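Reader: I have a set of labels to check against their cut-offs. Please take me through them one at a time.

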Amino acid sequence: MSFLNADLHCHSNVSDGTLRPEDLAVRARDNGVDLWALTDHDEVGGQHRAMVAALAIGLPYLTGTEISVTFADKTVHIVGLGFDHESEPLVKGLAETRGGRERRAQDIGDQLAQAGIPGAYQGALRYVGNPDLISRTHFARYLVEAGVCGDTNEVFRHYLVEGKPGFIQHRWARLADAVRWINEAGGLAVIAHPGRYGFTPNEEYALFSEFKTHGGVGVEVVTGSHAAHEFGIYADMAREFDLLASRGSDFHSPDESRIDLGNLPGLPASVRPIWDALAHRIRQP
Ligand code: AMP
Ligand code: MN
Ligand code: MN
Ligand code: MN
């Protein structure tokens, strides 16, 4: 079978990316992507625009989102693909999941002020493209602008992760609910970038098993959020747990993202690509 350049994970300014859905569609096409999904955090507000833009330039499209979940007291991301983006349980579930972000952002701003960085909440708001979706990334961009750090990665390391002054513990959706919203909307659920969570082997085993129990079917193997050595590790996990494999850049911004749209190695031959199971959900130009 010939290589398919599928990129099924990226962000627009409807969540914490910097480009509009329409700009991402063109960038994906120009980079040689053959199948594209926009997966904004906790949002499907950009789906219609992304789909129309993609189809207009001949790019096959799958609907997508990336849901924030709390599992074992840590944040885990679950990508949904190929769902009906007007499904009521999904739209309602995502709205609830987003709901806590405003309060959390104010708390992050207060804590940063106590750490000697005033005005961060107002500053972050200037980077927000969707008032419903203020994220840590918007704070990171403001802190770079304010000269507190040289780049957004450094802001996360020093200010926005657990144990640092701007971190606020937050409860996101439950794993079972996130998978159910996706499934009820006719889509497939995928564990996003499992290599990023810092789980112990036991915690990781629990995540994969419970995810399957709830009806999840996929895992990201090749992602811009994995180091190269993790591609093989999660290809093995995909086989061990009989999960379909996904692939995506997790592109956010030309200025910040290491990996551009479509610019990834192919999936290892040992795994089954998730798009084989989504053929009937792909919107063709
Ligand atoms: P939030 O959903 O508000 O907690 O923000 C999560 C987002 O922050 C992720 O989707 C990434 O885009 C970004 N992020 C998380 N950790 C890092 C990091 N270490 N460096 C850069 N960006 C990060
Ligand atoms: Mn993000
Ligand atoms: Mn993620
Ligand atoms: Mn992402």
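Author: Start with burial: buried means under 20% relative accessible area, exposed over 50%, and partly exposed in between, with a 1.4 Å probe and protein chains only. Helices are DSSP runs of H or I with at least four residues, strands are runs of E with at least two, and both are numbered from the N terminus. This is a predicted model, in which local features need pLDDT of at least 70, side-chain atom pairs count only at pLDDT 80 or more, and totals for chains, interfaces and linings use all residues. Residues are numbered from 1 along each chain, chains are lettered from A and ligands numbered from 1 in written order, and side-chain values use heavy atoms, without hydrogens and water.

Reader: What makes α6 mostly covered?

Author: Seven of the 10 residues in α6 are buried. They are Thr137, His138, Phe139, Ala140, Arg141, Tyr142 and Leu143. The cover over them includes α4, α5 (120–125) and α7.

Reader: Why does valine 33 count as buried?

Author: Its relative accessibility is 6%. The limit is under 20%, so valine 33 counts as buried. Valine 33 sits in the loop between α1 and β2 (35–36). Contact means heavy atoms within 4.5 Å. Beyond neighbours within four places in sequence, valine 33 touches Asn5, Asp7, Ala28, Leu59, Leu261 and Gly262. Valine 33 and asparagine 263 are 230 residues apart in sequence, yet 8.6 Å apart in space, C-alpha to C-alpha.

Reader: Which residues are the donors of the manganese ion (ligand 4)?

Author: Donors are N, O and S atoms within 2.8 Å of the metal (3.2 Å for Na, K and Ca); water is not among the atoms, so sites may look incomplete. His9 (NE2), His11 (NE2), Glu66 (OE) and Asp250 (OD) lie 2.1 to 2.3 Å from the manganese ion (ligand 4). Their spacing along the chain is H-x1-H-x54-E-x183-D. Histidine 9 and histidine 11 are both buried.

Reader: What coordinates the manganese ion (ligand 2)?

Author: Asp16 (OD), His41 (NE2) and His252 (NE2) do, at 2.1 to 2.2 Å. Aspartate 16 lies in the loop between β1 (6–7) and α1 (21–30), and histidine 252 in the segment after β7 (244–248), so the pair ties together parts 236 residues apart in sequence. Aspartate 16 and histidine 252 are buried. The manganese ion (ligand 4) is 4.5 Å from the manganese ion (ligand 2).

Reader: And which residues coordinate the manganese ion (ligand 3)?

Author: Glu66 (OE), His77 (ND1) and His193 (NE2), at 2.1 to 2.2 Å. Histidine 77 in strand β4 and histidine 193 in the loop between β5 (188–191) and α9 (201–213) are 116 residues apart, and this pair links distant parts of the chain. Histidine 77 and histidine 193 are buried. The manganese ion (ligand 3) and the manganese ion (ligand 2) are 5.6 Å apart.

Reader: Why does the largest pocket lie between two domains?

Author: A pocket is an open set of points on a 1 Å grid over the protein atoms alone, with protein on both sides within 12 Å along at least five of seven lines; lining residues have an atom within 4 Å of a point. The largest one holds about 1,300 Å³ of space. Of its 38 lining residues, those closest to the centre are His77, Arg136, Phe156, Val161 and Arg196. Domain bounds come from an automatic or database assignment. Domain 1 (6–98 + 171–281) and domain 2 (101–158) both give lining residues, so the largest pocket lies between them. α7 gives the most, with four residues.

Methods:
On a 1 Å grid over the protein atoms alone, a cavity is a set of points where a 1.4 Å probe fits but cannot get out, and a pocket is an open set with protein on both sides within 12 Å along at least five of seven lines; lining residues have an atom within 4 Å of a point. Grid points are joined across faces, edges and corners, and a volume is the space filled by probe spheres set on the points.
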